[in-house]
Amino acid sequence: MTMSADFDQGAFVRALLDPELPAPNGIDARHGFPPERRFAVYRNNVCVGLVDALAERFPICRQLVGDEFFRAMARCYVREFLPRTPMLFEYGDGFATFVSKFEPARELPYLADVAWLEYAVGQAYHAEDAAPLPMDAIRALPPDRLADATAVLHPSAHVITSKYPIVSIWRRHMSDEDLSPLELDHGEEALVVRPQLAVNVAALPIGGSAFVRALEDGRTFGTAMDAATRLVAEFDLTGCLQALLVAKVFLSISVTPERQNASRRGPLDHSGA
Amino acid sequence: METRSAPEPNRARVASSLPARAGLGFKSAHFSDIEASAPGIGFFEIHAENYMGAGGPPHAQLTRLRRDFPLSIHGVGLSIGGAGRLDRDHLRRVKSVVERYEPAAFSEHLAWSTQGARFLNDLLPLPYNAATLAHVAAHVDEIQAALGRPILLENPAAYLRFRSSDYSEIEFLREIVRRAGCRLLLDVTNAYVSATNLGFSAEDYIDAFPMLYVEEIHLAGYAEDSDEIGDPLLIDAHCAPIQKEVWRLYDRALARRGPVATLIEWDNEIPPWPLLSAQAARAERFLKKRPLASEDRAESEALHDDVG
């Protein structure tokens, strides 16, 4: 079913998105003068509304580059990528990739990875609820069986690997406390999880995200450990387990054979460039 | 929510069980204020699209809110005036939110917001003619069939008009109500904004509005601008206290309608809770000084509708 040919919503949208185009045919202001300023209200609503949505979604990125730069960058994104559904909390799934290729942001090479981290935080916020495994249950596990155990992770769990200290950057900007210069000479691996209502962001020891991804894939702790040590010979297993327990990432741990083709949603599969 | 199997006409169903009181758009920033003060707010309204995630704080807060207050769910993404067919996936999502929270009312807009697979995040205008009428009525029908209840359709804020419009907005709304059996949400601010922008009388609009079918009113603060020849250009910005012109029109609408659920919309530059709740208290004062709806007027209007 389509409407009458004299109302072409496609042409209306083209003019909405391209400020170089004149207002579409068939519309009037009240006074017979060109309706450009009136049409511009819709143009502005579309653009500003979506830029605001991105600003809300990526607050640390906005702090890092300043409001003016962020809004200019977000406008470029909006022109190229409109939301695909009316659920604005899903908007911005391509923002980190866009930022990584956005020439004027080259001076902040970590910006795209911070955008990935913020995207994961937003995903975790809206993710399915699930009760994490109580500490008591974890303590009750026989330590000698852990290597053969598998785990189900919280549906909100994501890991992000970066060449830059993204967790430290994120924390500084969340707290506004430590404003000493930040050394950018090391990478960090971030774990994002929302065990109850608050989203946790934690740094994992290097190799930790490979460890988590292996567990997500249904591998045993032993296999996950192998995956991590292949990347980092001196992988800190104890530190990693400690961070995962504190963050409450486990829903269950069971001493059973490896699950094949685990059906759980995988963690955000992203490695920093 | 009412359940029914017989395909009785939507006209006979209750569209809204919202109390004839002032309500507020719910903002998570106010959640702790609301919990702490258990305020005398008549109802809360939420945008359906913000509660379509799987879980997390939005659902935890809304579940709590729903326990303590009547709830109105307002859709912004069904694109009822869209040229294509309705997005069935989105309609399913709306249905699932409505089924989960069983709101006292569900409302949407006489506007479009989606084109193809692109969501434009604004309520865009459409011409009012025979083609769009058939189209919008069919969309309203489809939504009501999916939700199993009549919806409230809201009049938009207009910044320009279409040469291909053959109906006035009120004629158009009246006809949609007649064909689809939906009810109306009268946005008084939109009426004032459109009247100023398009040069018609807001008072005449309120006086002619099919008030019998109005089951909710929206009030919001507008922003003022001007166009290229210096004419006023008002913008439905939802970012300010309600202006006196809007309160005056609201009172005029209540004189015809009698007390009815009234929402204060303030979605941008969200104010502190005391300022927002003071706006609701002001609307309550207007509601309280109005007698119950004038049945005589309602009946004569219904008669007029049936013969017209």
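Strands β9(B) and β10 (residues 214-220) of chain B pair in the parallel sense over 4 bridges, where pairing requires that DSSP find at least two bridges between two strands. In this pairing B:Asp187 stands opposite B:His218 in β10(B). The model is predicted: local features need pLDDT of at least 70 and side-chain atom pairs count only at pLDDT 80 or more, while totals for chains, interfaces and linings use all residues. Residues are numbered from 1 along each chain as its sequence is written, and chains are lettered from A and ligands numbered from 1 in the order in which they are written. Helices (H or I, at least four residues) and strands (E, at least two) are DSSP runs, numbered from the N terminus.

**Strand β9 of chain B**

- β9(B) also pairs with strand β7 (residues 152-154) of chain B, in the parallel sense and over 3 bridges.
- B:Leu153 stands opposite B:Leu184 in β9(B).
- Strand β9 (residues 183-187) of chain B is largely enclosed by the rest of the structure, because 5 of its 5 residues are buried.
- Buried means that 20 or more other C-beta atoms lie within 10 Å of the residue's own; 12 or fewer is exposed, in between is partly exposed, and C-beta atoms are placed from the backbone.
- B:Arg183, B:Leu185 and B:Asp187 lie on one side of β9(B), B:Leu184 and B:Leu186 on the other, and both faces are covered.

**Helices α4 and α5 of chain B**

- The axes of α4 (residues 130-147) and α5 (residues 169-180) of chain B come within 9 Å and cross at roughly 45°.
- Axes are lines fitted to C-alpha atoms, for helices over the stretch in contact, with angles from 0 to 180 degrees between N-to-C directions.
- α4(B) and α5(B) are therefore oblique to each other; angles under 35 degrees count as roughly parallel, over 145 as roughly antiparallel, 65 to 115 as roughly perpendicular and the rest as oblique.
- Residues of α4(B) including B:Leu133, B:Val136 and B:Val140 meet a set in α5(B) that includes B:Phe172 and B:Ile176.
- By class, this contact of α4(B) with α5(B) has 7 nonpolar, 1 polar and 3 charged residues.
- Ala, Val, Leu, Ile, Met, Phe, Trp, Tyr, Cys and Pro count as nonpolar, Asp, Glu, Lys and Arg as charged, and the others, Gly among them, as polar.

**Chain A against chain B**

- 44 residues of chain A are in contact with 47 of chain B, contact being C-beta atoms, placed from the backbone, within 7 Å.
- α2(A) gives the most to the side of chain A that touches chain B, with 10 residues.
- β1(A) and strand β8 (residues 161-162) of chain B run antiparallel and are joined by 2 bridges.
- A:Ile27 stands opposite B:Phe162 in β8(B).

Conventions. Contact = placed C-beta atoms within 7 Å.
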